[in-house]
Amino acid sequence: MESLKEKTAKGLFWGGMSVGMQQLLGLLFGIIFGRLLSPSEYGMVAMISVFSLVANELQNSGFKSALVNIKQPEHRHYNAVFWFNIFMGLLLYLLLFACAPLIADFYHEPQLIPLCRYAFLGFVFSGWGTAQQAYLFKNLRAKQQAKASLTATVISSTIGVVMAWQGCSYWALATQTNLFILINTLLSWHYSPWRPGRPADFTPIRDMIGYSYKLVVSTVLNALNTNILNILLGKFYGGRAAGSYNQAYQWHTKAYYVLQGMVQQVSQPVMVGVGDDAERRLRVLRKLIRFTAFFSFPLLLGFAIVSEEFILITIKEQWIESAYLLRILCVSGAFMPLVTVISNTLLSRGRSDLYLYCNAAMAGVQIVMMVMLYPFGIRTMVLAYCVISIAYTFVWQLLSQHIVGYKLWLFLKDIMPFFLAAAATMLLTHVLTGQIVEYIFPINSGQLHHQTTVLSYPYAALWVLLISRMLLSASLYFIIMKVCRVKILDECISYFRRRKG
């Protein structure tokens, strides 16, 4: 019988393997899509993404999380969620099918009508897999979830790329998303031993709704919040601006989701498994936070310093505006996995109400600020968006202090050493590599990182910058962690040595 610690380690390993491989594949296919499609074509899908996210959350209705919070869910719980999601998926698709002309009128894009009606088919597909995925998630079967998502990513992305290459434009992106949902659903059925029965008893829905409806409202607000820039940029600046922002947003989420996906797989089930032992719960939370900060800050701050050369090398200068937005987004993205750990801890205590209130307040602040700032330009809006996101990390910490006793000084003690080490590492790396490349390629000396210089710099110099910054920053950070005898590093090395043995 595996202990909770062993299940957590295995969950983190397979969660990391899954998300890491998914993001690596996402990197590869994202580059190909970026080269084949224009910002305007990306913008068409970006403008309707919020409707997909909102409808998906309404369909799931928070029951996946509710099932996880039940210590021993029975067949009737899974069965009720299964049939409820199927009915909701069909209902939402019909509703959005009818609303497609209104969405197109909002953006003044008639071509969005058929695109919406095609892209929203994903709701119908996803409804068939929610209960199976909840079963795998509840039982920490991260390996099976990893196999399903990786297979779905490879097949759907390959077909999407072929369609883009054949000139299918934004239809390729919509097809890729629909196929991923469909294949992932089918494979979840394959790996989950649970099977549905007749839709006879919906009583468990009533029992779970008190917890889940708050979670639904909060996640809908969060979806609106994270997509408010796509909505406003598409409305006021057009598809190209929305596409440029969405490209930057997708790249920065690919970076932080490598880690967030790992902790998402285990944090809520593990915290539920800890039970009512307050001291142990706080100890587990702090360890998860330190583990997350150890990886999150160097990963995202490192991506920020290579954003320009990365974009220019991979998807060319047509996306240069995305590079500047990506640098800003990466700084706030470094805090997002920490928020995931804390918010899942609150959910494990059944506090979906606090989850709702915090997300509602943040969504309100973000939306009001974005509406007020849109006349000042895209970069101002993105900068304000990121500042608010970082500030709300500490709001989540305040809530965790109220629920599990995670005080501010403990939170700062857990994250600041990693933040300061990563920031110092990236600053030193930026200066040293800039001087080296400036010496090798003496063009516009002293102004290497100015926009016009980067665009006109030799292609070889961009590669030298990218590789040297990645290698030097990783080496410096590892040395700092080793010299400071950071326990998380030793535990990670020890774990991989055991797996290798």
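**Close-up views of selected sites**

**Figure 1. Ser169 is placed in the loop that joins helix H8 (142-165) to helix H9 (170-191).** The model is predicted: local features need pLDDT of at least 70, side-chain atom pairs count only at pLDDT 80 or more, and totals for chains, interfaces and linings use all residues. Helices here are DSSP runs (H or I, at least four residues), numbered from the N terminus. Ser169 has a phi near 55°, a positive value in a residue other than glycine. With a relative accessible area of 15%, Ser169 is buried (buried is under 20%, exposed over 50%, partly exposed in between; 1.4 Å probe, protein chains only).

**Figure 2. Arg485 occupies the loop between helix H21 (459-483) and helix H22 (487-500).** The phi of Arg485 is near 55°, a positive value in a residue other than glycine. The relative accessible area of Arg485 is 72%, so this residue is exposed.

**Figure 3. Helix H15 (residues 320-333) is shown along its 14 residues.** From the first C-alpha to the last, H15 reaches 20 Å, close to the 20 Å expected at 1.5 Å a residue (1.5 Å times one less than the number of residues). A kink of about 25° in H15 is centred on Leu326; the bend is the angle between axes fitted to the seven residues ending at a residue and the seven starting there. Because 10 of its 14 residues are buried, H15 is largely enclosed by the rest of the structure. The buried residues of H15 include Ile320, Tyr324, Leu325, Leu326, Leu329 and Cys330.

**Figure 4. The largest nonpolar core holds 116 residues.** Such a core is a set of buried Ala, Val, Leu, Ile, Met, Phe, Trp, Tyr and Cys residues joined through side-chain atoms within 4.5 Å. The members that touch the most others are Phe33, Leu112, Phe120, Leu229, Tyr245, Ile289 and Phe297. Helix H13 (residues 278-305) gives the most to this core, contributing 13 residues. Beyond its neighbours within four places in sequence, Leu229 is in contact with Gly234, Tyr245, Met370, Met381, Val382 and Tyr385 (contact is heavy atoms within 4.5 Å). Apart from this core lies another, of 15 residues, among them Phe63, Ala66, Leu67 and Phe82.

**Figure 5. Phe82 pairs with Trp83, one of the 26 aromatic pairs in the structure.** Rings of Phe, Tyr and Trp (its six-membered ring) pair if their centres lie within 6.5 Å; planes under 30 degrees apart are stacked, over 60 edge-to-face, and the rest tilted. For Phe82 and Trp83 the centres are 5.1 Å apart and the planes at 85°, so the pair is edge-to-face. Phe82 is buried at 1% relative accessibility, and Trp83 is buried at 18%. Phe82 and Trp128 are also edge-to-face, with centres 5.8 Å apart and planes at 80°. Phe82 lies in helix H4 (residues 75-107) and Trp128 in the loop between helix H6 (122-126) and helix H7 (130-138), so the pair ties together parts 46 residues apart in sequence. Trp128 is partly exposed, with a relative accessible area of 38%. One aromatic cluster is formed by Tyr78, Phe82, Trp83, Phe87, Trp128, Tyr135, Trp189 and Trp194.

**Figure 6. The charged end of Arg117 sits over the ring of Phe97.** It is placed 4.1 Å from the centre of the Phe97 ring. Lys254 lies over the face of Trp251, 5.3 Å from the ring centre. A charge sits over a ring if NZ of Lys or CZ of Arg is within 6 Å of the ring centre and within 35 degrees of the ring normal.

Technical notes
Residues are numbered from 1 along each chain as its sequence is written. Side-chain values use heavy atoms; hydrogens and water are left out. Helices (H or I, at least four residues) and strands (E, at least two) are DSSP runs, numbered from the N terminus.
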